[in-house]
Amino acid sequence: MVKKILLAGILMACTPAGAQIINSHAFEGGPAKANPASQLTSPDGRLVLTFAVSNFDGSANCPVYCLTRNGQTLISTSKLGLTFGNSGSLQNHLAVLSVSTRANDSLWQPVYAEKSQIRDNYHQLVVNLRELAPPQRLLQLTFRAYNEGVAFNYTIPAQAGMGDVTNLMEQTEFRFDADHPAWATYTAQGVYAKTTINHIASGCERPLTVQLATNLYVALGEAGLVDYARMKFAPLPKRPHSLVSLLDGPVAASLPLTTPWRFIMAADHPGQLLENDFFVLNLNAPCALTNTTWIKPGNVIRETTLKTASGKACVDFAVKHNIQYIEYDAGWYGPENKTLTATNAIASLDLPSVIHYATSNHIGVILYVNWKAMTNELSLLPPLYRSWGVKGIKYGFVSVGPQWDTAVVNAAARICASNQMMMEVHDEFRPSGYTRTYPNFMSVEGVSGDETKPTTTQDLTLLFSRMLVGGADHTVCYFESRVTNKWSYAYQLAKAVCFYSPWQYLYWYDRPPNSYGYTSGGNAMITEVPEMEFYDHLPSVWDETRVLQGSIGQYAIIARRTGTQWFIGAMNAGTTRTFSVPLNFLPPGLKYTANIYSQDPSVPTRTHVHIERLAVDSTATLTMVLDASRGEAIWLFPADSPAR
C-alpha cells in the first residue's frame, strides 16, 4: 500500500535532470532524524504516487510528488504549496513531522447514479508538515490512490498564532514529460478544441483530458468543491508542458481549512475514464440526508409559452409519454433579468391551477428562478414553493467561479434539502460530486448542449471530458429544425442515453400538439411518430453503465441498464464507420427483444426513423453502419416479459 524509500533514490523515473533530492526531517521531540520519502500505490498496484520534501527547481525543502502507471510517467516531479497574498506562503522550508496510512474498501448505494452500487476502494497517505523556521506553521497533505486515479488536498490545521486565512491561493503543479495532446475549453459551456499542453492558455476548464500514449489517458480536475474558489488551469511560467492551478479568486476561511480534492484520473482508453466517473462521487462526503424518499429522478418537458392551458397540455403529454415533470421556464414571474422576487406568477398564468392539475395526474412541477431572485430570496423560495406543491427549482444564469458564488449555489442545495425541494443549476456551473452529499441537487448544465447547436464532434468530445464529473442537462430536443440541420433523429434518441442527467429534459424546444397559446418562436410542434416509444421507456438513472466503444471527438457506443432492460446509444462524427457490437453483457441463456432505431430516408414519417425488432441473446453481435453526424439507439428487454 504505502512504501517508504530512501530519498537518495526517490523520483528517479519522474525527476528531470538536475533536480536535487534532500533528506527531510521530522520533529519528534528530539534531534532531527532523516525521514524517507513515501510511495502510495493503488489497490491494484498499477498507480504509484511518490511524495517527498525536496530541493527542486529553485525551491528549498518543497513538497513534491510524481505519478506513474505501470511504470510509465503520468505526472513528472511537481510542486505543491499554498500562498497567502502578501503574507507569504506554505511551500518552502518545510519538514515532515509524521506520516500515517490507511486503507478503505467499502460499497455504498447512491440514491441514484449511473450504477446502483459504488465501490470506494483506496489507499491513503497523510503527511503532516511544519515550517523549519518560525512561525513554524503546520500543513497537512492527504493523498488517496484508487484504481481509477489519485487525488490529494491540503489542510491547514487550527494552530496557535495563526488566525483566519485570507487571500489564500494555490500553487499546485501538474508537470508532464512531453507536449501531449489535450482537449481544452475556457468556459463551462465553451467549445472544446484539440490542442497540446504547451498551447493551453490561462483559464482552461476542468476536467482536462490528456492523451499520453495510444492506450493511456489522464483527466485532471477537482472534486468536493463546496465553499472555495473554482480551480482552473494555467501554464506554469517558463516550464514547458506544465500546468498550475488557477483559483478564480482568493479564498478566505477560518481554520481548520481543507481544500477541495485535486485529482488525476488514469485509464487505458477514453471509455474507461467515463465508466469510472463514480471516482468523483467517492471524493465527496456521504449523503447528509436521512430521508431521501422524496427525491425522484425523471424526464422533463419544458413549458415556455407561460400559458395556463399550455401547462396543462404539457401535463397531458407527460402522462401519455411517461414523463415525470413539467417545468415552467424563464418569465413565469416576470422579466428574469429585472425581477428580484419570484413569489407571484404573471397575470396570464394561473399557476395554482396548473400545479393542482399536474399533482392530480402524478406529474411534478419545476419552476425556473434566475440568479437575481435566487440570491434575493434564497431561504424564502424553497419553503414557499413546497407549500404550493412544487417539486423542484431550476436556478438559471447563476454566477460561478469566486468562493462566494460557489458557496451560494451549494447553500441553495442544503436549503432546498431542508424543505424537501429538488433543484438543478443552469449555465456556467459545473459539478464536482456534491450530489452524493445532497442528492436533491439533481443536475446542472455546464455543457454546450442542444441550445448551442454543437457539432457531433463537440458532443463526442464532451462525453470524454465534461461528463467525467457528473450529469449534464444537454437540453435535448427532437422535432426542432436544428435536429435535421446538425444531426439526425436517431442520433437524438442515442444522445439521451449517452448524456447522463437525473433530470433529463426531452423535447426542449418542442410543444405538445394540443398546446394552446403555441407560438412558432423557437418551438416546434410535436408529431406523434412510432419511435417516441424509445423516449417513453427511457429511464434517466441507471443500475449499470458500460462504455462499449469510444474515441474522443469521433464516436461512442454506451450501454446502460435499469432492472432487466438495456438501452444503447451510438453516436458517430467525422466519417462513415461500421461498428460491431457484441451483446455479451446480456445474461447468458436469456432471450431478449432488441428494438433498433436507425435513420432511413425511405421510412414514410416526418423523422424517417426505421424500427427493427430482433430476437437476440448474449451470443449475438449487432452491426451498425453510421454515416457522419448520425446515430442509432437500441432498446433491449427480456422476450418473455412484456415491455414496460
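Author: Here is a walk through the cavities and then the nonpolar cores. The model is predicted. Start with the empty space. Rolling a probe the size of a water molecule over the atoms shows where such space is left. The count comes to four cavities of 30 Å³ or more.

Take the largest cavity. About 70 Å³ of space lies in it. Its lining includes three arginines: Arg206, Arg230 and Arg430. Glu428 lines it too. Leu225, Val400, Gly401, Thr406 and Phe429 complete the list. By class, that gives four charged, three nonpolar and two polar residues.

Now the second largest cavity. Its space comes to about 50 Å³. Phe429 is in this lining, and it also lines the largest cavity. The run Pro431, Ser432, Gly433, Tyr434 and Thr435 contributes as well. Asn410, Phe441 and Val444 make up the rest.

Next, the packing. In soluble globular proteins, nonpolar side chains tend to be buried together. Here the largest nonpolar core has 125 residues. Trp332 and Tyr507 have the most contacts inside that core. Look at Trp332, leaving aside neighbours within four places in sequence. Its partners include Ala342, Asn344, Ala345, Ile346, Leu349 and Leu351. Leu306, Leu367 and Tyr368 are also in contact with Trp332. So are two further aromatic residues, Tyr385 and Trp388.

Definitions and conventions:
Residues are numbered from 1 along each chain as its sequence is written. This is a predicted model: local features need pLDDT of at least 70, side-chain atom pairs count only at pLDDT 80 or more; totals for chains, interfaces and linings use all residues. Side-chain values use heavy atoms; hydrogens and water are left out. On a 1 Å grid over the protein atoms alone, a cavity is a set of points where a 1.4 Å probe fits but cannot get out, and a pocket is an open set with protein on both sides within 12 Å along at least five of seven lines; lining residues have an atom within 4 Å of a point. Grid points are joined across faces, edges and corners, and a volume is the space filled by probe spheres set on the points. Ala, Val, Leu, Ile, Met, Phe, Trp, Tyr, Cys and Pro count as nonpolar, Asp, Glu, Lys and Arg as charged, and the others, Gly among them, as polar. A nonpolar core is a set of buried Ala, Val, Leu, Ile, Met, Phe, Trp, Tyr and Cys residues joined through side-chain atoms within 4.5 Å. Buried means under 20% relative accessible area, exposed over 50%, partly exposed in between (1.4 Å probe, protein chains only). Contact means heavy atoms within 4.5 Å.
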